[in-house]
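Subject: Structure handover

Hello,

Here is the structure for you to look over. My notes follow below it.

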Amino acid sequence: LVSVDQIANRTIHYDRQREGDYGVTGVPIRPFLEEKFLASCEACFTELIALLEAKGFGPVGSILTGGIARAGTGASLHHKNRAFDLDGIILPDGNWVADTFPQRPHMYLAIEAVLRRHFGTVLSYDYNAAHEDHFHFDDGTAIGFNTMSKSRVQFVQNVIFFVYHFQIGRDGVWGPETSGL
């Protein structure tokens, strides 16, 4: 395991320690990450930061998290130091926060697309109530599309709905309505 205080040269802040910190600020942390997972995080956040800065959002500051590694021996990949909960990103003109999907779907989907290029498991805003305020990503499944994966199908349905403006259900089920487009 590797202890890090930065990913892609940005500090990592835990934003759930104090009331009012979520999506705004937090305390610097130094989690332990599995080496291969850390390499994927570095590549992902490097790409994500370049995208945000190229699109004019200004220099990216800190990365806000609700949790990365967890103590204990649970079955979650958080316990294996191979999962990350992304709450937000500090930007000079207003932070991007993961619970803003309804207000900023295009930015949210762009961030999700980058995450999906690097991680097989990405759980997002409308996956379930537990993920409405953060992206969970880990390397527990292979990267790539799978019609049996609720989260991957929801991503495609959200792109069809919000980017291409087709009125389609966004239930995460690959059926005739989704496959017919």
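Contact, in these notes, means heavy atoms within 4.5 Å. Please keep in mind that this is a predicted model.

**Around Gly58**

Gly58 sits in the loop between H1 and strand S6 (63-67). Leave aside its neighbours within four places in sequence, and Gly58 is in contact with Leu52, Glu53 and Pro92. Leu91 is 33 residues from Gly58 in sequence, yet the two C-alpha atoms are 6.6 Å apart in space. Is Gly58 buried or exposed, or partly exposed? Gly58 counts as partly exposed, at 23% relative accessibility.

**The whole chain**

The protein chain has four helices and 10 strands. Along the sequence they run β-β-β-β-β-α-β-β-β-α-β-β-α-α. The radius of gyration is 16 Å, close to the 16 Å that the globule rule gives for 181 residues, so the chain is as compact as a globular protein of that length. Along the principal axes, the C-alpha atoms fill a box of roughly 45 × 40 × 30 Å.

How much of the chain is buried? Of its 181 residues, 45% count as buried. The chain exposes about 8800 Å², and carbon and sulfur atoms supply 55% of that area. Take the contacts between residues at least 6 apart in sequence: 56% of them join residues at least 24 apart.

On charge, there are 15 positive and 21 negative side chains. The centres of these two sets lie 4 Å apart.

**Salt bridges**

Side chains of opposite charge can pair when their charged atoms come close. How many salt bridges does the structure hold? There are nine. Here are some of them.

Glu53 lies in helix H1 (residues 35-54) and Arg10 in strand S3 (residues 10-14), so the pair ties together parts that are 43 residues apart in sequence. Glu53 is partly exposed, with a relative accessible area of 32%. Arg10 has 17% relative accessibility and counts as buried, because the cut-off for buried is under 20%.

Asp87 and Arg16 make another salt bridge, with their closest N and O atoms 2.8 Å apart. Which parts does this pair tie together? Asp87 is in strand S7 (residues 83-89), while Arg16 is in the loop between S3 and strand S4 (27-28), so the link joins parts that are 71 residues apart in sequence. Asp87 is buried, with a relative accessible area of 0%. Arg16 is partly exposed, at 32%. Asp133 comes in here too: Arg16, Asp87 and Asp133 are linked in a network of salt bridges.

Glu47 pairs with Arg117 in a salt bridge, and the closest N and O atoms are 2.8 Å apart. This pair links distant parts of the chain, with Glu47 in helix H1 and Arg117 in helix H2 (residues 105-118), 70 residues apart. Glu47 counts as partly exposed, at 25% relative accessibility. Arg117 is exposed, with a relative accessible area of 55%.

**Where to look**

Then turn to the network of Arg16, Asp87 and Asp133. Finish with Glu47 and Arg117, the pair that links H1 to H2.

Best wishes

Definitions and conventions
Residues numbered from 1 in each chain as written. Predicted model: local features only at pLDDT ≥ 70, side-chain atom pairs only at ≥ 80, totals over all residues. Heavy atoms only, no water. Salt bridge = Lys/Arg side-chain N within 4 Å of Asp/Glu carboxyl O. Helix = DSSP H or I, 4+ residues; strand = E, 2+ residues; numbered from the N terminus. Buried < 20%, exposed > 50% of the residue type's maximum accessible area, 1.4 Å probe, protein only. Rg over C-alpha atoms; globule rule 2.2 N^0.38 Å. Areas by Shrake-Rupley, 256 points an atom, 1.4 Å probe, with all protein chains shown as cover. Lys, Arg positive; Asp, Glu negative; His and termini not counted. Charge placed at Lys NZ, Arg CZ, Asp CG, Glu CD.
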